[in-house]
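Work through the exercises below with the model open. Try each task before reading its solution.

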Amino acid sequence: MYKALCLFLFINSLAYASNGMGKRWNHLYQLINEEKKTIKSLGRLSPKLQWRLLELNTELVKLIKEKENKTFLTQRKRGVKKSFYFRESRKLNRKIVKQGKALLKSWPSIPYAADIYYTLALNSRDYGHGKRTEFYLLKSLKRIRGNAELKHKVRTSLAEHYYNNKKYKKAIRFYSLIIKNEEDEWLTKHHYNLSWCYIKTTKYSRAIDHALISHKLSMQKDKRYVSVESQVLDSIGLFYTLDNRTKEGVEFYLNNAKMPADYLLKMAAKTATDGKFELANYIYEKALDFAVDKGQFGEQEKIYLSSFDFYRNFKRLDLFFKTSKAIEKLYTLKKLSKEGKEESIEKIKSLVGYLQIRFTRNSKSRIENHSPAKRKEILSYFDILMTIHPEQKIEYFYFQGETYFAVNMFNEAYKKYDAGLNVYLANPKAKIIENKGKKPFFHRSLNSKLACLEYGEFKKDIEKKRQLKTFGQYVTLLPKDEKSPVLNQKIFNIHLKDKNIAQAEKALDYYIGTHKNDSEVQRQMYTKIFDHFINIKDANNLALRIKKVSKGYLSYKTDFIKQSTKVLGQILFSNYEKKSDSEAIEGYHSLFDNPLYPKEVKSNSALKLGILYNNLNKTDESVDWYIKGLNLAETKVVNSSKNKIKTLAIQYNHKLDFSNSNKLTQYYLQTFCQKSTKKKGALKDKNLNQMYILTTNNFLLSEDPDKARKFVSSKFKCAISKKTKDSSLKEISVYYSITDDFKGYISFHDSIFPKFKDDYISTLKNKHWYYYQNNSFRTASSIRRKLKRLKVEDFPYQLVRDYEKWKKIKVKFKKLAQKNKFNEAIFNKSLESNIKLLEAYEKKANAILKQSDPEITPLVYAKLTKVYSNLINEVRSVHPNGVPKEYVKGFRGAMKNLSYQMEKKIKKLTAKTYRLFERRKVASHSLYKISTDNELINEVNYKHAANQYTISTDNIEKRK
C-alpha cells in the first residue's frame, strides 16, 4: 500500500509538469507496465500480488485518463462524441471493478478488503458514473479494522459525496466526525463545507460559527492547513445577512479583508433587494469610507458604479448626483478605469435623458414658470458628462442648448450649440458616436443655431457676426444640403452690403464649387460686383474681373465681356490721348505692364507704343512693341496688317537693319503660315516665299550663317515653294564659298546631302588637292575619307596611296668625289650603281605617271626632277686628283655629256606634262610646281562659277 501511495504522489507531482505527455509520463507508464509484467510472470498469484495488480491498474487508469484529456482538449473533432475519447479509461475501469469483485469473492476475509472497497469507490466516482460510490464507501467503512487513517479517508469521501449530492443532513453527520481530526490539512475546507450544510438546513448561526473557524484556521501563520480564505470571504456576508446580523458582517469584512468592496457590495445588493434602503446605504457608506481611507481608487469606482442603480431605484437623485460628482473627481485624478468610465457615462446619460424629457415636456405647457433648479440640475449633469466623456462634448453641448431652447432662452441656447460645434470643428475626424436614424450632432447643432437666429432677438452687430459664422459653418460642413444655396447667397449679400468685395467673391467661389448647376444665379451675383466697380470707376478692379471672366469664369457670353472691356478702355485711354509723346509712352507702358488688364487693352497699348517709338526714330522699340501689339490683337486686326508688315520688313532690309527686318519676316511667317493651298477656295499667300528668302538673306548679311542654316533646316510647314527653299540653300552655300569657311561649307552640305551633290563633290576634290599641295595632309586625308563615305568612285584613291608609298622611298646615291688620288675603277663602279638606283626609282615613278593625273603628275615630276638634280650635282662635284690634265679634260667632257642627257630627260618629262594640261585643259593646284608660265596657269587653273561669288539683295521684291 505504501508503494502505491508513493507512486500516486509521484505521478501527481510529475505528470502535469508540462502540457504534453513528455518523457516523465512515458517513464511512469513504462514502470507500471513493467511491474505488471513482472507480477504476471510469477504464475499463480497470491491475494497480496492480486491486490498489487489492482493498485497498478488504478494508477495506470489515471495516466490514461490524463492522456485522453489532452487529446480531447487539443484534437477534438466536430461531430465526434466526448465518450469516444475516453474509451480506454472506461475499459480499464471496468477491468479494475471486475478484478476487485473477483478478489473479494475469492478471498472474502482478505485483510485488504476495506482498501479494495475504497479503491472501487474512488474508481466509481472518478471513472464510472458514481452510482456505486456510496455502496462501496459504506462497505469499506464497515470492513475497516483499526485503520484510523483509512477510516478518516472513507468518512471524508462520504461527507463530500453527500455534500455534492445535496444530502446535507447526512453530510453534517460525517463532517461533524472528520472535523475532530485536527491533523487533516483540509480541515478548513471541511468546516467551510459544513457551514454551507447548515445554511442549507437554515441553521445560520452554526453556519457563521464554522465559517469563522474555517477563516481563522486559514489565516494561521504556520500555514498548517490549506487556505480557503477567499471562499469564506465570498460566502460569509450572505450568512450574516440571512441571520439578520448585517452590521456584524460589515465589521467582519472591514477587519479581515484588504479590499472588502466586492464583498460589501454583495451584502448591499441583497439588503437592497429586501427593500432595506437605510441598511443598504449604511453598507455603501462603510465600504466607501474604508476605500477612501485606504486610498483604494479602484474600490471607490466599484462602489460608485454599484450605487448608481441603488440610488436611482430608491429615487434618491440627490445621492445620485453626489455620486456623479465623485466619479467626475476620480476621472480628473486619472483614477477612473476605461470600463468604469463607460459604465458611468451610460448610467448618467440614462438618468439625465429621462430628466430632460420630463423637463422639456413640462416646459412646453408652462415656459414662463419652468423650474430653474431642474434646468440647472440637467445642465450640471451634462457638464459632468463633458468632463468624463470629452469625446462626445458636441452631444452634451447640444442637449444643454436644447434645454435652454425649450424655455425660449435663445441667446444661451445659441452659445451652447456654438460651443459644441467648435469642439467638433477643432477635431472633425474624432470618432463621435451618433444615434442611428438621426442626423449627426453637428448637423443638428447647425439647424438649431439657425433656429436661434430666426426666433431670437439680438443686437445688430452680434446678429450679423453670428449669421456669418453660422451660415459659413453650414455651407462648409453641409455643402450639398438644400439650405446651402440660400445661405451662400445670404453670406454674399451681407459682404457686398458692407463693400467687403474680397469676402463676397470668396463666398461666391465656394458656392460655385459646391453648386455648379446654379450658374445663372451665380452670374447675377457676380454682375453686382461689376456694377459696383463701374459705379466707382475703379479700372484696376474692373480689369481684374474682366480677365477672370475672359478665362471662362461663370461662362459669361462674349457680348458681356466685350461690353465690359469697352467700358474699361474708355476709362483708361481717356487719360493719355491729350498728353505728350513721352508722357503717353509712360502711361501706355503702365497699362501694358499691369497684369490686371485684358489683352485687348494691352494690345492697343502696345500698338500705340509702336507708333510713338517710331515717331522718335527708336526702331528697335518700335518693331518690338508693334509685334507685341499684334500678338495680343484680335485675328481681324492682325489680318488687316499683312501688307504693312511686308513693306516694313523690306524697308528695314534696304536700310541695312537686318535684325528688325527679320523680326518682321519671321513674325509674318509664323502668323500667316499656310500649310497647304489644296483646299477648295484657298488663296495662296504670295508674300510667304518672299519673306522666306528675305529672312535667309538677312541672317547671311548679318554674318550669322548658323541662324540661316537653323532657319532653313527647321521643320517649317508653310507652303513654301521648292524653288524658294533651294534658292535659300544656295545662298548659304555661296556665303561659305566667298568667306572661305570650308568647315562650315562641309558641315552645311553634309546636313542637306544629296542636294547640290555634284557641286559639293567637285569642291571637295578641289579642296583636297589644295590642302594636299600645301602639305595639309591630315585635312586632305579626312576629305578622302569623306569622299569614300559619299561613294565617289572617280577619285584616284589607289594612285594617292601608290604615290604616298613611292614618295617615302629614299634614294641615297654613293659619293663619287674622291679625296685621294682618283681611282677610275672605283668611280665607274659607284656611278654605275647610282644610275641603276635612279633607273629603278624612275621605273616606279613611271607606273604612277602613266595615270596622267593632273595633280599627282606634277608632284611626281617635281620629286623625280629633284632626284635627277641630286645625281647631276653629284656628277658635277667630281674633280679627279692626281691624273694628267688630258685625262681631266676628257673626264669633264664625259660628265658634262652625262649631265646633259639627264637634264634632257627632265625637259622631256616636263614637256609631256605640259601637253597633258594643254590638251585636257584640266585644273591642278600643283601646276606651279613644274612651270612658271603664268599664262598657262591662268588658262587651266581651277575657278568657281561667277554666280557662286554673289549674294543678290537688289531687286528683292522680284524674287519669289
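The exercises cover the disulfide, salt bridges and charged surface patches.

The model is predicted: local features need pLDDT of at least 70, side-chain atom pairs count only at pLDDT 80 or more, and totals for chains, interfaces and linings use all residues. Residues are numbered from 1 along each chain as its sequence is written, and side-chain values use heavy atoms, with hydrogens and water left out.

**Exercise 1. The disulfide**

Find how many disulfides the model holds, and say which parts of the chain cysteine 673 and cysteine 718 tie together.

Solution. 
Step 1. Apply the cut-off: a disulfide is a pair of cysteine sulfur atoms within 2.5 Å. The count comes to one disulfide.
Step 2. Check the pair. The sulfur atoms of cysteine 673 and cysteine 718 lie 1.8 Å apart.
Step 3. Cysteine 673 sits in the loop between helix H33 (658-671) and helix H34 (687-701), and cysteine 718 in the loop between helix H35 (705-713) and helix H36 (722-738), so the bond ties together parts that are 45 residues apart in sequence.
Step 4. Read the accessibility. Buried means under 20% relative accessible area, exposed over 50%, and partly exposed in between (1.4 Å probe, protein chains only). Cysteine 673 is partly exposed at 29%. Cysteine 718 is buried at 5%.
Step 5. Look at two further cysteines. Cysteine 197 is buried at 0%. Cysteine 452 is also buried, at 0%.

**Exercise 2. Salt bridges**

Then place the bridges of aspartate 309 with lysine 347 and aspartate 759 with lysine 730.

Solution. 
Step 1. Side chains of opposite charge can pair when their charged atoms come close. The rule asks for a side-chain nitrogen of Lys or Arg within 4 Å of a carboxyl oxygen of Asp or Glu.
Step 2. Lysine 302 is partly exposed at 32%, while glutamate 299 is buried at 3%.
Step 3. Aspartate 309 and lysine 347 meet at 2.8 Å, N to O. This pair links distant parts of the chain: aspartate 309 is in helix H15 and lysine 347 in helix H17 (residues 338-365), 38 residues apart. Aspartate 309 is partly exposed at 38%; lysine 347 is buried at 16%.
Step 4. Aspartate 759 bridges to lysine 730, with the closest N and O atoms 3.1 Å apart. Aspartate 759 lies in helix H38 (residues 757-773) and lysine 730 in helix H36, so the bridge ties together parts 29 residues apart in sequence. Aspartate 759 is partly exposed at 34%, and lysine 730 is partly exposed at 27%.
Step 5. Now find a network. Salt bridges with shared partners join Asp243, Arg245 and Glu248.

**Exercise 3. Charged patches**

Which residues gather in a patch of positive charge, and which in a patch of negative charge?

Solution. 
Step 1. Positive: Lys850, Lys904, Lys908, Lys912 and Arg915. Lysine 912 lies in helix H43 (residues 885-920) and is exposed at 56%.
Step 2. Negative: Glu278, Glu285, Asp289 and Asp293. Aspartate 289 belongs to helix H14 (residues 277-294).

Note on methods:
Patches are made of residues with over 30% relative accessible area and no salt bridge: like charges are joined within 9 Å, nonpolar side chains (Val, Leu, Ile, Met, Phe, Trp, Tyr) within 5 Å. Accessible areas come from the Shrake-Rupley method with a 1.4 Å probe; for residues, only the protein chains shown count as cover. Lys and Arg count as positive and Asp and Glu as negative; His and the chain ends are not counted. The place of a charge is taken as NZ of Lys, CZ of Arg, CG of Asp or CD of Glu. Helices (H or I, at least four residues) and strands (E, at least two) are DSSP runs, numbered from the N terminus.
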